[in-house]
Amino acid sequence: MTQRLLVRATGQARPGQLARVSRLLDDGGIQLLDINQRVTLDQAVLEVLIESDDDSAVLSLRSGPSWQAVEDETGLELSLHQVDQAAMKRAPTPSSDLIMTLMADRLSATLLAQVDELVSQQGLVVECLQRLSGFNASNDAASAGGVCLDYHLHGESVDIEVLRQSLLALATEQGIDIALQEDSPWRHQRRLICFDMDSTLIKAEVIDELARRHGVFDAVAAITERAMRGEIDFQQSFRERMAMLNGLSESVLEDIAGNLELMDGLERLMTHLKRLGYRTAILSGGFTYFARYLQQRLGFDEVHANELIIDAGVVTGEVQLPIVDAGRKAELLLDMAKRHGIAPEQTVAVGDGANDLKMLACAGMGVAFHAKPLVREKARISLSHQGLDALLYLLGHDDAALQAQ
């Protein structure tokens, strides 16, 4: 009778342990079906799924002198476990493989329990849990820069949207970020990342700053806010705000550009994205003058935004077509991907306002960053508390590997 069993080996990690356990199985005439190993703080867990048609071979494996010899030589404790044969023969059912990324200032047992309860309500099993952030024994957010855990989840007939909304509610309540995405090969194959500019790459809405210098801030800011919440059409709001800037001195632009405050984590993010070979672009309903300033400073590959029309040293308030609105952003993202031979699934979009929703929806991964409530609810992924460099975690990069490169 064919038997399937699980050999589990645990203990302090040492070189050569996998080879010694493998030879033990080979010498016993055991067929190896699958293998998994993980190490946490120098403690190794090695699991090997085996199969044998010979009951005596399995018995001699466990009771023979080689088993004890391997334990003595490797420092591992070996155990043998029966596998549910009936479960392995059941017909496959619709299943989901998900990646859940938890980002918080610090870990707590209560938080982990709350997250697992929501996951288990959907019948999901945590198949793998690993830390992507650097380890800090004190769990001190100030010194560690926060904690990121990556969960690999598996389940059948999962209502992903229900889970996403419940995790979003918990994240909002706890002041943390939880991102959920379907697992696929594309996660480690993203190639193009497109960013909104205002309130995403920089901590300002430039058009509001221009209005402040021109004495029309309150009127312009009110229209900006309504547009970002999706209450009025972007093109309409853009024309209205531009008209209010008529007569603004060109000299103001350079001063504002030189004092733009970058979003937290942006410089670290761009350093790694460029080194890792990602193509980056700014797709903004703001102005090319400021987008090009960021391009020169941080190395973005492309910039697409609206032009400020200047005549005789002053802003005219006129609008140059086409206006970069929500539809135009989505078109530009897909066009860039096509020009560079990049599949839509390999694209990422990051933005904060209603004007970004179409871009977030058409990208392989859409991330609402410090976004308005409407955008957080509609986007597949939302980051509301972390810096922009948290995007590296969503792309599957861990701090240890990034620091080693």
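UniProt, in an unreviewed entry, places the feature "active site" at Asp196 and Asp198. UniProt positions follow the numbering used here, feature names are shortened, and annotations may be inferred rather than shown by experiment. Both Asp196 and Asp198 belong to the lining of the largest cavity. A cavity is a set of points, on a 1 Å grid over the protein atoms alone, where a 1.4 Å probe fits but cannot get out; lining residues have an atom within 4 Å of a point. The model is predicted: local features need pLDDT of at least 70, side-chain atom pairs count only at pLDDT 80 or more, and totals for chains, interfaces and linings use all residues. Residues are numbered from 1 along each chain as its sequence is written, and side-chain values use heavy atoms, with hydrogens and water left out.

Asp196 sits in the loop between β9 (192-195) and α8 (206-214). Helices (H or I, at least four residues) and strands (E, at least two) are DSSP runs numbered from the N terminus. The relative accessible area of Asp196 is 5%, so Asp196 is buried. Buried means under 20% relative accessible area, exposed over 50%, and partly exposed in between (1.4 Å probe, protein chains only). Not counting residues up to four places away in sequence, Asp196 touches residues including Lys329, Asp352, Asp356 and Met359. Contact here means heavy atoms within 4.5 Å. The loop between β9 and α8 also holds Ser199. Ser199 is not a glycine, yet has a positive phi of about 65°.

The domain assignment of the protein chain gives domain 1 (3-89), domain 2 (98-182) and domain 3 (192-210 + 248-404). These bounds come from an automatic or database domain assignment. The C-alpha centres of domain 1 and domain 3 are 51 Å apart.

The largest nonpolar core has 58 residues, and those with the most contacts inside it are Leu210, Phe290 and Leu391. Domain 2 and domain 3 both give residues to this core, so it lies between them. A second, separate core has 22 residues, among them Leu111, Tyr151, Leu167 and Ile176. A nonpolar core is a set of buried Ala, Val, Leu, Ile, Met, Phe, Trp, Tyr and Cys residues joined through side-chain atoms within 4.5 Å. Beyond four places in sequence, the contacts of Leu210 include Leu245, Ile256, Phe287, Phe290 and Leu308.

Two further buried sites were examined. Thr288 is in helix α13 (residues 288-298), and its relative accessible area is 5%. Thr288 and Ala305 are 17 residues apart in sequence but 5.0 Å apart in space, C-alpha to C-alpha. Gln346 occupies the loop between α14 (326-339) and β14 (347-351). Gln346 counts as buried because its relative accessibility is 9%. Leaving aside neighbours within four places in sequence, Gln346 contacts Trp186, Gln189, Arg190, Arg191 and Leu192.

Most residues other than glycine have a negative phi, and most peptide bonds are trans. Leu321 and Pro322 are joined by a cis peptide bond, with omega about -5°. Ser157 has a positive phi, near 50°. At 60% relative accessibility, Ser157 counts as exposed.

Mean pLDDT of the protein chain is 88, and 93% of its residues reach 70 or more. pLDDT is the predictor's confidence in each residue, from 0 to 100. Over residues 90-94 the pLDDT is below 50. Residues 137-144 also stay under 50, and the model has 11 contacts for them beyond four places in sequence.

Terms used: 1 Å grid on protein atoms, 1.4 Å probe; cavity = no way out; pocket = protein on both sides within 12 Å on 5 of 7 lines; lining within 4 Å.
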